[in-house]
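Subject: A structure to look at

Hello,

Here is the structure I promised to pass on. Please open it alongside this note, and have a look before you read on.

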Amino acid sequence: MSKHSSAFNTIPSVLSIPEKLNAWVRKLLGLRFPLERHFSGRDLGLAAGAGLLLLLGVLIRALAPLRLYVCILAALTAAVPPALQGWKLFRWKQAPLEEITWLLSALLAMLIGETTAAPLILIFADLLTQVEAYTLLHRDAAPDYLAESDLKLRHAVETADAEKSPERSALASASLGFYALYVLIALIFAVCTLFHLVDWKTWLHRTMIFLVLASPSAVLFSALLTHFGAVYSAAKAGILFAGDVTPEEFSRCRTFAFSKTGTVTDGRFMISEIAPVGVSEEELLRIAAVAECRSEHPIAMALKAAAGLREGVVPEGVLETKEISGRGVSTFFSGHHIYVGNAGLLEENGIWYKIPSKTGSAVHVAVDSTYRGYIMISDALRENAFEALEELRSLGASSLVMLTGDVRSGARTLASSLNFDMVKPELNPEEKGSAVRYLRSAHGDGARIACVGDGYHDAGMFREADISVCLEPKAETPEADVTIFSEDITRIPLAFRICRMTERTLLINSAVLLGVKLLLAVLGAAAVLQTGLVAALDFLFGAAAVIYALTCLTLEKRGR
């Protein structure tokens, strides 16, 4: 049983959901945790209160002198219980604004003789509150279904709605404005009653309709559940969103810059060619390995393994080793000055070098300013790399760029085979950051750029990115906006798909709910729809939006 199970007994509801319906809803939504409910004494009290209001409405004509007092007493009897107010999202300085407007609209219904509509307003308002409170149980229970070892993922889910993203904050502000506008219109109609005493019931009817529809809780609640669903779905797939704003920002990215090593390739280096100049292949490999003896770079590890140099062993005679970021190393060994690194390192020191033609990373070696050859290092393409990139393109990515330190000819061949739109070769880590700045200027300041890397020497690129995506992070990897705890490159388009589907769900719910409220307000004020039907339709669309948002809990399954 979940640690949150005790919460089930504290949530009042008009109806308990039968076991068969529970199973059907679980199957429909693909939820793994139980939809448990317990029928409480407060449920019976609420149902009895609503029924009492209905009976008093029938007797209201016989109590005409006391009509106002009976209305107030009856409405208070069936009002939403105070225990529910803690579940409500839309509040102002702890004042239950929604409950107040629902209560006022029920009172107005009684005053103008709509004795059936009055209890219906409160019943449907309470049912909507129950649906919202009910879905909170799934939000609270969801983290329990992540593996205990995924502590970061569990923490991300448990704090998913701790802070609002700018988009949700804007939606909350818009909803507050919507509520204020409808209440203001209701107030205007109420004032108009004073100038239309002959037709006063019509104007109070319009006032009541706008008070019924003023509540924006379904909009806000569905937005909360949509965002939470995205974080939880991503966590189930081993994807961690670092911040509340990440899903919305990631969904807007259209340019993706990939650091080749560790993303489209698997990052496991192998020696593909040794081209010595004036020395043997074994000697060239031994010189390079000795020079890199103190380095923990993946390429250095491959060189040391190939030369048979044990990890952590510093050969006798190595006096000083200086690692030059993005270039290579400079080492003094047995009275010789050795440079091992890329072409940029040799160019900076005025040393001639031979340009290789094969695909891969060229490690050049120079001893006492004399060029001694190069060693080609290559790593294999990840499985499904081409399919993953094409899926990103189908999801809306307009530009795919590869950033790499490989030689130009080899980089172009690899980029062409993977259908990249652009390739930037022979870059050191800092130059990759400059390349991202170039992409921003080329695509416009408003362009959103996502940078994908394995985190190793990608800090400069990540700093310039709007969204940084780290695939299969290592212990020393800097924190990224999106961290994928897997070597499966198809998780990148999956994360992007989850964010796109989240954005679409949020947009559909908000647009439909606000549009329906506007339509119901017009039809209700024009007396085309009865008040009880307006309240029922408002509840049905609100409940549908909340349930639709709840399906975001299964986005990782639908996104595959």
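Below is what was found in it, from the whole chain down to single side chains.

First, the ground rules. This is a predicted model, in which local features need pLDDT of at least 70 and side-chain atom pairs count only at pLDDT 80 or more, while totals for chains, interfaces and linings use all residues. Residues are numbered from 1 along each chain as its sequence is written, and side-chain values use heavy atoms, with hydrogens and water left out.

**The chain as a whole**

The protein chain holds 20 helices and 13 strands; these are DSSP runs numbered from the N terminus, helices being H or I with at least four residues and strands being E with at least two. Of its 560 residues, 53% are buried, where buried means under 20% relative accessible area, exposed over 50%, and partly exposed in between (1.4 Å probe, protein chains only). The accessible surface is about 24,900 Å², and carbon and sulfur atoms supply 60% of that (Shrake-Rupley method with a 1.4 Å probe; for residues, only the protein chains shown count as cover). Among contacts with a separation of 6 or more, 67% are between residues 24 or more positions apart, contact meaning heavy atoms within 4.5 Å.

**The sheet and strand β2**

Seven strands make an open sheet with mixed pairing, in the order β1-β13-β12-β11-β2-β9-β10. Its edges are β1 (239-241) and β10 (422-424), each pairing on one side only. From one strand to the next the twist averages 20°, taken from axes that are lines fitted to C-alpha atoms (for helices over the stretch in contact), with angles running from 0 to 180 degrees between N-to-C directions. Two strands count as paired if DSSP finds at least two bridges between them.

Five bridges join β2 to β9 (residues 399-403), and the two run parallel; here alanine 257 has valine 401 as its bridge partner. β2 also pairs in the parallel sense with β11 (residues 449-453), over four bridges, with phenylalanine 256 opposite alanine 450. Thr255, Ala257 and Ser259 point one way from β2, and Phe256 and Phe258 point the other way. Five of the five residues of β2 are buried, so the strand is largely enclosed by the rest of the structure.

Threonine 404 counts as buried because its relative accessibility is 2%. Setting aside neighbours within four places in sequence, its contacts are Lys260, Ala411, Val423, Lys424, Pro425, Glu426, Leu427 and Lys432.

**Salt bridges**

There are 15 salt bridges, each a side-chain nitrogen of Lys or Arg within 4 Å of a carboxyl oxygen of Asp or Glu. One of them joins arginine 497 and glutamate 391, at 2.9 Å from N to O. Arginine 497 is in helix α18 (residues 491-525) and glutamate 391 in helix α14 (residues 385-394), so this pair ties together parts 106 residues apart in sequence. Both are partly exposed, arginine 497 at 24% and glutamate 391 at 22%.

Helix α16 has a part in two others. Glutamate 464 and arginine 437 have their closest N and O atoms 2.9 Å apart, linking α17 (residues 459-464) to α16 (residues 429-443) across 27 residues. Arginine 440 and aspartate 466 meet at 3.0 Å; arginine 440 lies in α16 and aspartate 466 in the loop between α17 and β12 (467-471), so parts 26 residues apart are tied together. Arginine 440 is buried, at 18%, whereas aspartate 466 is partly exposed, at 27%. Elsewhere, Glu249, Arg252, Arg448 and Glu503 are linked in a salt-bridge network.

**A nonpolar surface patch**

Finally, Leu184, Leu187, Ile188, Val191, Leu194 and Phe195 form a nonpolar surface patch with about 630 Å² of accessible area together. Patches are made of residues with over 30% relative accessible area and no salt bridge, with like charges joined within 9 Å and nonpolar side chains (Val, Leu, Ile, Met, Phe, Trp, Tyr) within 5 Å. Phenylalanine 195 is in helix α7 (residues 166-195) and is exposed, at 66% relative accessible area.

Happy browsing, and best wishes
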